[in-house]
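Good morning, colleagues. Please look at the sequence and the model as they come up.

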Amino acid sequence: MANTSVEDRREHPRIAVSWPVRMWVDEEMIVGRAVDISEQGLCVITAPTDALKRGACYRIDVVVGAESQFSCQGEVRHVTSSLVGVRTVERLKLTA
């Protein structure tokens, strides 16, 4: 098996951001900050929590600016003590 980096395996390039995020687990809100985003995913920094489960889907609200935000559904692909990798169900329309 070839040794390839994560960047080489990504379908869509990631863009560095710093956007507030709310993830909804049932009625509980988990706050975090998106640190990068692509057409089909994002990486979020959160306080350590056991609430987010790998393979589960959650609603995510992303605040892009003072008057701009969007919501999406995302599946948790990996979770560590403070990082959550999410693959969005729908493609995100990113503008550079």
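Predicted model: local features only at pLDDT ≥ 70, side-chain atom pairs only at ≥ 80, totals over all residues.

R14 is partly exposed, with a relative accessible area of 28%. The partner of R14 is D36, and the two form a salt bridge in which the closest N and O atoms are 2.6 Å apart. This pair links distant parts of the chain: D36 belongs to strand 2, whereas R14 sits in the loop between helix 1 and strand 1, 22 residues apart. Is D36 buried or exposed? D36 counts as buried, because its relative accessibility is 18% and the cut-off for buried is under 20%.

In total, the structure holds four salt bridges. Let me turn to another of them. The side chains of D61 and R22 meet in a salt bridge, at 3.7 Å from N to O. D61 lies in strand 4, residues 57-65, and R22 in strand 1, so this pair ties together parts that are 39 residues apart in sequence. D61 also meets R59 in a salt bridge, here at 2.9 Å from N to O. Together, R22, R59 and D61 are linked in a network of salt bridges. As for accessibility, D61 is buried, at 4%. R22 is partly exposed at 26% relative accessibility, and R59 is partly exposed at 37%.

Next, the strands. Strand 1, residues 15-25, pairs with strand 2, residues 28-38, in the antiparallel sense over nine bridges. Within this pairing, W24 has M29 of strand 2 as its bridge partner. The hairpin of these strands has two residues between them, and D26 takes a positive phi near 55° there.

Strand 2 is also joined to strand 3, residues 41-46, by six bridges, and these strands run antiparallel. A hairpin of two residues connects strand 2 to strand 3. Here we meet D36 again: its bridge partner in strand 3 is C43.

How many disulfides does the structure hold? The structure holds zero disulfides. C43 is buried, with a relative accessibility of 13%. C72 is likewise buried, at 3% relative accessibility.

Thank you for your attention. I am glad to take questions.

Technical notes: Residues numbered from 1 in each chain as written. Heavy atoms only, no water. Pairing = 2+ DSSP bridges. Helix = DSSP H or I, 4+ residues; strand = E, 2+ residues; numbered from the N terminus. Disulfide = S-S within 2.5 Å. Buried < 20%, exposed > 50% of the residue type's maximum accessible area, 1.4 Å probe, protein only.
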